[in-house]
Amino acid sequence: MTAAPPPPPRTLITVAPTGAESSKSDVPALPTTLAELVETAERCESAGAAMIHVHIRDDEHQPTLDLGRLTDTVAALRERTSLVVQLSTGGSVHDPLEHRLRVLEAGPDSCSLTMGTVNFGDEVFLNPWPFVVDLYEASRTAEVVPEFELFDLGHVAALHRLLDANGLPYGGRVHCDLVMGVPGGMPGTAAALVAAVHALPEQTTSWSATGIGRTTLPVALAALSAGGHLRVGMEDTVTYARGRPVAHNVELVDRVATLAEVAQRPAMTPADARDLLQVRAA
Ligand code: KMH
Ligand code: ZN
């Protein structure tokens, strides 16, 4: 983007409550059952979240992309909340690409779409270019709005390439999420955030930022001051403050809802978010 647009008057808060990395035994507060996920979604919506980024677990609390479970999860979240339901197509680093493509069959409003491969701690989060293009085209066919996950400046460049070659996504809006502070990706600093935001394609209509681990607060503050939206949750950090584990995802949503209020860009409603992202009407 070249010119700085006026900051949006309201802040989209996305909650990412579970992820695929933490184990239930290490982090008992992690919502891993459907009942825990729905309870979390309800409380987070009341606290100001408008979208939920969903990874699910099996009966042993292990990450799964089981299509039946994903479909039931989307239905349960729709029944009990108004949140925009975004399914992860990233899954865990161990999920095969073909399983990740099939996530769209569960019929979410939105899906994550990571714009390239990245080192992910000691692992590799694999997103080869042909897979990125296949997933993008599949999201358009399924009328699911992608959220472009950008872990590095190279991913921003890849988004230019995708939009230039393949055109706009379903719904016509381009919403990005800067995922910062992953060991292997861009750091969770204000300087990196500003560089990434300046490099976003001109087609970008909104962006949020996520700080992993202890970068959650600096990234949220930088995003708010730069006119961005926010993603928080136990997928990204399981520590509320030094030595103090997160007791419930709602604490993280509450905290950034307060920051957004202070920044005079209060949390938007799920209806606002549906309009912002142009997700398919129910
Ligand atoms: N669990 C990470 C390997 C996404 O949800 O799309 C990938 C991830 C990104 O969380
Ligand atoms: Zn995720």
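Student: How far is an oxygen atom of ligand 1 from an N or O atom in the side chain of Ser112?
Tutor: This is a predicted model, in which local features need pLDDT of at least 70 and side-chain atom pairs count only at pLDDT 80 or more, while totals for chains, interfaces and linings use all residues. Residues are numbered from 1 along each chain as its sequence is written, chains are lettered from A and ligands numbered from 1 in the order in which they are written, and side-chain values use heavy atoms, with hydrogens and water left out. A polar contact is a pair of N or O atoms within 3.5 Å; within protein, one must be able to donate a hydrogen and the other to accept it, and residues adjacent in sequence count only if both atoms are side-chain atoms. For Ser112 and ligand 1 the distance is 2.6 Å.

Student: Which residue has a polar side-chain atom 3.0 Å from an oxygen atom of ligand 1?
Tutor: The residues around ligand 1 (a heavy atom within 4 Å) include Glu21, His53, His55, Ser112 and Glu235. For His55, the distance from a side-chain N or O atom to a ligand oxygen is 3.1 Å. The residue at 3.0 Å is His53.

Student: How many nonpolar residues are in the contact of H7 with H8?
Tutor: Contact means heavy atoms within 4.5 Å. Thr216, Leu217, Ala220, Leu221 and Leu224 of H7 meet Arg255, Val256, Leu259 and Ala260 of H8. Ala, Val, Leu, Ile, Met, Phe, Trp, Tyr, Cys and Pro count as nonpolar, Asp, Glu, Lys and Arg as charged, and the others, Gly among them, as polar. Beside one polar and one charged residue, the number of nonpolar residues is seven.

Student: What is the arrangement of H4 relative to H5?
Tutor: H4 (residues 129-141) and H5 (residues 153-166) have axes 12 Å apart and pack at an angle of about 50°. That makes the arrangement oblique.

Student: How far apart are the axes of H1 and H8?
Tutor: H1 (residues 34-47) packs against H8 at an angle of about 15°, so the two are roughly parallel. Thr40, Arg43, Cys44 and Ala47 in H1 meet H8 residues including Val250 and Val253. The axes are apart by 9 Å.

Technical notes
Helices (H or I, at least four residues) and strands (E, at least two) are DSSP runs, numbered from the N terminus. Axes are lines fitted to C-alpha atoms, for helices over the stretch in contact, and angles run from 0 to 180 degrees between N-to-C directions. Angles under 35 degrees count as roughly parallel, over 145 as roughly antiparallel, 65 to 115 as roughly perpendicular and the rest as oblique.
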